[in-house]
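Welcome! Open your viewer, get ready to select residues by number, and follow along one stop after another.

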Amino acid sequence: MSTIHPAQITKVLPDSIAAEIGFEPGDAIVAINGTNPRDLIDYQFLCADEVLELEVLDAMGKTHHVEIEKDYDEDLGLEFATALFDGLIQCNNRCPFCFIDQQPPGKRSSLYLKDDDYRLSFLYGSYLTLTNLPEKEWRRIEQMRLSPLFVSVHATEPEIRIRLLKNQRAGQILQQIQWFQERRLQIHAQVVVCPGINDGKHLEQTLRDLASFYTGEVPAVASVAVVPVGLTRFRPEDDELTPVTREKAQEVISQVKLLSQEFRQQFGSGFAWLADEWFLIAGEELPSESEYEEYPQIDNGVGSIRLFIKQFASTAAELLPSKLYHQKKLTWVVGNAVETAFQPIVQRLNAVEGLEVKMQALCSDYWGQNISVTGLLTGHDLLLNLQGQDLGDGILLPKVMLKHGELLFLDDMNVAEVAQKLKTKIIPVEGVEGLINNCIAENVLV
């Protein structure tokens with residue numbers, strides 16, 4: 001049994017109950033109404049009550065007992081160092097396509113942590129395999145109604161899934177989905193396609209098996225994302241994997257589109273969704289916006305480019321001026337996977353008089369990829385491609401390249417170091433509004 005540590009507070013929201021009481025960053029919650037919370041799920045569940053008795057450890061190590069009366073479900077206004085107070089449930093599979101195993105050694109330790117934790121799946125939508133859950137955790141999922149969860153299925157045929165996950169327990173996936181169905185709990189599934197292993201007839205079998213759970217008021221499988229395997233130059237030599245070629249991408253697109261049409265006629269939903277990367281690898285046009293329905297797999301890169309373009313158009317109409325009084329020249333760094341799709345965005349930005357935005361669409365030499373998504377670009381890639389170039393007043397850097405909440409690239413280089421070597425300012429930007437606002441900041445607008 002892992003040890004439950006006090007929940008370390010990192011932020012107290014202003015004007016909150018916690019701020020009023022005098023909580024400070026560095027304090028830690030030991031118990032709520034006599035129970036030690038294991039994680040953020042326990043904390044949220046326990047804090048829903050109207051009367052709370054908290055055992056709190058301050059930064060000096062002194063224990064305090066605090067009683068709070070509040071409205072039911074009213075939030076205390078605290079943020080914590082981690083969502084898990086008893087440690088991460090680690091992965092016990094050895095999937096050959098695992099990104100963790102395709103990294104060079106010697107980087108920060110957090111890059112090598114393999115999580116397979118249902119709590120992170122429930123809280124943040126990260127994917128898990130269900131191969132490592134003892135009975136008490138299954139009971140907790142049921143009792144606390146932790147749904148939906150996000151599950152890496154990859155294949156429903158037991159022998160294929162065992163081959164992919166290198167774990168005998170991986171063959172139980174259909175029985176596990178049945179368990180969710182019987183309890184009216186949901187999952188969103190993903191299938192990472194590895195050519196020659198789980199593609200072709202096996203992919204069709206997997207999608208049809210998963211679609212068989214798309215029944216009733218609460219479908220046990222709400223959606224499935226089909227994603228191409230991503231390989232790096234650091235991958236193990238004997239991993240039996242082959243990269244997705246343009247031809248393979250075109251084949252998978254045709255196959256999944258046909259099945260989606262069939263599902264749409266049957267269920268009124270496409271159900272199976274192709275990640276944007278398939279179309280970029282195949283050199284094909286992205287699907288129209290209407291085909292993505294409610295974007296059920298947006299965090300898996302399904303429709304994220306279409307949605308970004310749509311959001312940009314509406315936000316630009318609202319925020320972009322016709323002219324900047326002070327001229328501005330910027331470099332926007334993105335992965336070359338989105339180069340063609342983002343051309344209209346660059347054209348619209350450059351239509352503002354006095355604003356010049358140059359898009360630098362890079363592939364990742366660091367990972368050894370010909371086509372790269374933006375989130376995988378590293379400090380190494382920026383230095384290799386941008387040194388000695390006229391970068392204008394600075395670089396607009398999408399935050400997806402950086403460690404959450406920090407200014408570190410995936411290769412452990414930090415933003416300040418890269419900015420210094422490129423002799424320019426680097427401006428981390430998040431989303432459409434971040435991009436637009438940083439293009440027009442510090443200007444008198446008309």
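Which residue forms a salt bridge with Arg183? Select Arg183 together with Glu142: these two form the salt bridge, and their closest N and O atoms are 3.3 Å apart. (A salt bridge is a side-chain nitrogen of Lys or Arg within 4 Å of a carboxyl oxygen of Asp or Glu.) Arg183 sits in the loop between α6 (173–182) and β7 (187–193), while Glu142 belongs to helix α4 (residues 135–143), so the pair ties together parts that are 41 residues apart in sequence.

Before moving on, a word about what is on your screen. This is a predicted model, in which local features need pLDDT of at least 70 and side-chain atom pairs count only at pLDDT 80 or more, whereas totals for chains, interfaces and linings use all residues. Residues are numbered from 1 along each chain as its sequence is written, and side-chain values use heavy atoms, with hydrogens and water left out. Helices (H or I, at least four residues) and strands (E, at least two) are DSSP runs, numbered from the N terminus.

**Next stop: Arg38.** Select Arg38, in the loop between β2 (28–32) and α2 (40–46). Is Arg38 buried or exposed? Arg38 is buried, at 13% relative accessible area. (Buried means under 20% relative accessible area, exposed over 50%, and partly exposed in between, using a 1.4 Å probe and protein chains only.)

Asp86 and Arg38 form a salt bridge, with 2.9 Å between the closest N and O atoms. Asp86 lies in the loop between β5 (78–80) and α3 (118–124) and Arg38 in the loop between β2 and α2, so this pair ties together parts that are 48 residues apart in sequence.

Keep Arg38 selected and show what surrounds it. Leaving aside neighbours within four places in sequence, Arg38 has contacts (heavy atoms within 4.5 Å) with residues including Ile4, Phe85, Tyr118 and Glu137.

**Last stop: a helix.** Select Glu417 and Lys421, both in helix α13 (residues 415–422) and 4 residues apart, about one turn of the helix. They form a salt bridge too, with the closest N and O atoms 3.9 Å apart. Glu417 is partly exposed at 27% relative accessible area, and Lys421 is also partly exposed, at 41%.

To finish, select Arg38, Asp39, Asp42, Asp86, Asp117, Arg119, Lys136, Glu137 and Arg140: salt bridges that share partners join them into one network. How many salt bridges are there by this rule? The count comes to 20.
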